[in-house]
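Trainee: I would like to learn how to read a strand, a sheet and a helix. Could we begin with a strand?

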Amino acid sequence: MKPGGALLEAEGLVRRYAMRRGFFGHAVEVRAVDGVSLKLERGRTLGLVGESGCGKSTTGRLVLGMEMPDAGRVSFEGATMPQPGSTAWRKLRARMQMVFQDPLGALDRRLPIATQIAEPLDIHAIGAASDRSARVEALLRAVGLRPDQGARYPHELSGGQRQRAVLARALATDPAVLVCDEPISALDVSIQAQVMNLLLDLQEQFGTSMLFVSHDLRAVRQVSHRVAVMYLGRIVEEGEPDAVLHDPAHPYTRALVSAIPHPGRTGQRMVLQGDPPNPADRPSGCAFHPRCPVANSFCAREAPVLKPRADGRLIACHVAHGEVTAGHGFTGQEAA
Ligand code: SF4
């Protein structure tokens with residue numbers, strides 16, 4: 001498949017949850033995803049990165065229709081995603097698969113992996129039953145497992161082999177889209193690189209589009225053609241990985257990049273002030289302002305809009321767009 005052209009688009013996705021404060025506390029609304037728009041191109045990977053709890057995994061589930069958004073729209077090949085549970089949706093779901101973080105949790109411990117790899121073919125009635133074993137064998141080989149390993153149970157495989165089996169199962173229906181949710185974070189460091197290379201090979205081989213959700217910037221950079229940085233339910237910066245990671249424009253991206261261990265680093269690591277964000281207690285204005293080292297008083301009042309800079313990079317920051325001058329961080333009195 002030739003890369004390029006939008007395959008899947010999400011516009012203004014919002015997902016809210018009700019959360020109770022304390023045992024007898026009143027219910028508060030949490031906006032896990034707050035107006036996220038993204039575009040997945042054919043045969044390309046979009047990396048979605050951010051701290052735990054920023055809404056990136058929820059975004060992945062919304063994109064696949066595993067959860068319904070409270071607002072916004074997802075379209076696949078230009079048509080709105082059908083209602084979950086409908087026949088049209090089930091047909092489409094065969095073309096969109098998810099790879100989860102924990103391969104052991106994603107597999108059924110009671111079944112040999114060959115049976116589990118064949119499962120999606122049965123569910124979606126793909127191909128003749130007589131061709132199943134040949135197809136399963138081909139999938140095992142494609143992910144670097146031997147056909148005889150198909151007879152093993154999940155606990156008889158290593159972590160890396162299990163994630164390969166999960167990938168084989170996800171690829172069984174020949175999906176156009178893979179959403180990989182932290183696919184390497186449960187693996188040993190020595191295995192992570194192998195799985196990353198496998199993802200790249202599989203994309204080359206099958207032309208699959210990928211949404212790669214991770215907190216690991218280095219991993220995102222290795223596999224992505226474009227990267228979007230999320231903070232508290234919103235995308236704050238989006239662009240080409242080299243540009244975003246070499247020259248981050250948003251102060252939050254700068255903090256993430258500066259936290260990557262680098263043997264040759266000469267500059268200082270940027271330490272974020274304040275606590276990690278609580279989605280139930282969203283700060284006013286720019287949600288990053290209590291932790292931002294260059295926040296201006298204006299930042300606590302007005303939320304920045306994600307919009308393109310002259311070089312085409314999307315950024316949501318008043319200072320990066322030159323709307324206000326850099327301040328010295330928010331002290332709590334300035335907004336008054
Ligand atoms: Fe920091 Fe203000 Fe930019 Fe938000 S808008 S990231 S607070 S400088």
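Mentor: Thr 45, Gly 47 and Val 49 point one way from strand β3, while Leu 46 and Leu 48 point the other way, and all are buried. This is a predicted model, in which local features need pLDDT of at least 70, side-chain atom pairs count only at pLDDT 80 or more, and totals for chains, interfaces and linings use all residues. Residues are numbered from 1 along each chain as its sequence is written, and side-chain values use heavy atoms, with hydrogens and water left out.

Trainee: What does buried mean, and what is a strand here?

Mentor: Buried is under 20% relative accessible area, exposed is over 50%, and partly exposed lies in between (1.4 Å probe, protein chains only). Helices (H or I, at least four residues) and strands (E, at least two) are DSSP runs, numbered from the N terminus. Five of the five residues of β3 (residues 45–49) are buried, so the strand is largely enclosed by the rest of the structure.

Trainee: Which strands does β3 pair with?

Mentor: Strands of a sheet pair through backbone hydrogen bonds, either parallel or antiparallel. Here two strands pair if DSSP finds at least two bridges between them. β3 and β8 run parallel and are joined by five bridges, with Val 49 having Ser 214 as its bridge partner in β8. β3 also pairs with β9 in the parallel sense, over four bridges, and Leu 48 stands opposite Ala 228 in β9.

Trainee: What is the order of the strands in the open sheet?

Mentor: The open sheet has eight strands in the order β6-β7-β8-β3-β9-β10-β12-β11, with mixed pairing. Its edge strands, β6 (96–99) and β11 (307–308), each pair on one side only. An antiparallel case is β9 (residues 226–231) with β10 (residues 234–239), over five bridges; there Val 227 stands opposite Gly 239.

Trainee: Is Ser 214 buried or exposed?

Mentor: Ser 214, in strand β8 (residues 209–214), counts as buried at 2% relative accessibility. A polar atom of the Ser 214 side chain lies 2.8 Å from the backbone nitrogen of Asp 216. Leaving out residues up to four places away in sequence, Ser 214 touches Leu 48, Val 49, Gly 50, Lys 56, Glu 182 and Val 220; contact means heavy atoms within 4.5 Å.

Trainee: How do I read a helix such as α5?

Mentor: An α-helix has 3.6 residues a turn, so residues three or four places apart point the same way. In α5 (residues 132–142), the buried residues are Arg 132, Val 136, Leu 139, Leu 140 and Ala 142. Seen down the axis of α5, these fall within an arc of 160° (taken from the directions from the helix axis to the C-beta atoms), so they line one face of the helix. On the other side, Ser 133, Ala 134 and Arg 141 are exposed.

Trainee: What do the buried residues of α5 pack against?

Mentor: They pack against α4 (113–123), α6 (159–171) and α7 (189–206). After α5 comes Gly 144, whose phi is positive, near 85°.

Trainee: And what is a nonpolar core?

Mentor: In soluble globular proteins, nonpolar side chains tend to be buried together. A core here is a set of buried Ala, Val, Leu, Ile, Met, Phe, Trp, Tyr and Cys residues joined through side-chain atoms within 4.5 Å. The largest has 54 residues, and those with the most contacts inside it are Val 143, Leu 167, Leu 178 and Phe 212. A second, separate core of 29 residues includes Leu 38, Val 63, Met 81 and Ile 235.

Key. Polar contact = N/O pair within 3.5 Å; in protein donor to acceptor, adjacent residues only side chain to side chain.
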